[in-house]
Amino acid sequence: MTAITKILDGSRSAVFHISLSGNADLNDEVLIDPAVDFGMEPGPSLTVEQIWYDLIGFDARLEFDYLLSDTPIWTMSGGQYAHVDFCHFGGLKDRSDMDGRGKIKITTSGLAIGDYGTIIIKVRKD
């Protein structure tokens with residue numbers, strides 16, 4: 001199960017709280033969709049500025065949606081709490097060219113019954 005809550009939606013940035021639990025891995029599940037969440041045109045329009053996460057029992061990978069092959073954002077290892085701040089170098093921008101849809105997706109590895117995790121993502125709207 002994935003529960004996604006937008007906890008801040010400003011004119012230039014937004015913050016999402018994502019709670020994960022389950023009995024099977026997620027494969028390219030959409031977490032943030034600029035068209036749905038912000039009413040923006042589909043396309044490369046977000047930059048990830050910060051991520052906080054704590055994953056118990058599984059690993060995860062974030063990617064920007066792209067028609068040919070997704071653009072990696074960050075890999076999150078299970079069993080540890082982490083906060084990563086990409087603002088020092090301008091954030092991790094969607095580099096998927098004009099064919100990208102701008103969505104942020106997650107794929108997990110090892111998500112099983114009893115596993116759970118929390119992710120907070122701060123994005124900038126470009």
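Predicted model: local features only at pLDDT ≥ 70, side-chain atom pairs only at ≥ 80, totals over all residues.
Colleague: How far apart are the mean positions of the positive and negative charges of the chain?

Modeller: The chain has 11 positive and 19 negative charges. Lys and Arg count as positive, Asp and Glu as negative, with His and the chain ends not counted; each charge is placed at NZ of Lys, CZ of Arg, CG of Asp or CD of Glu.

Modeller: Residues are numbered from 1 along each chain as its sequence is written, and side-chain values use heavy atoms, with hydrogens and water left out.

Colleague: What pattern does the chain follow along the sequence?

Modeller: The chain holds 1 helix and 10 strands. These are DSSP runs numbered from the N terminus: helices are H or I with at least four residues, strands E with at least two. Along the sequence the pattern reads β-β-β-α-β-β-β-β-β-β-β.

Colleague: Is Met76 buried or exposed?

Modeller: Met76 sits in strand 6, residues 71–76. Buried means under 20% relative accessible area, exposed over 50%, and partly exposed in between, with a 1.4 Å probe and protein chains only. Met76 has a relative accessible area of 0%, so it is buried.

Colleague: How far apart in space are Met76 and Ile119?

Modeller: Met76 touches Ile119, among others including Ile51 and Tyr53; contact means heavy atoms within 4.5 Å. Met76 and Ile119 are 43 residues apart in sequence, and their C-alpha to C-alpha distance is 9.7 Å.

Definitions and conventions
Lists of a residue's contacts leave out its neighbours within four places in sequence.
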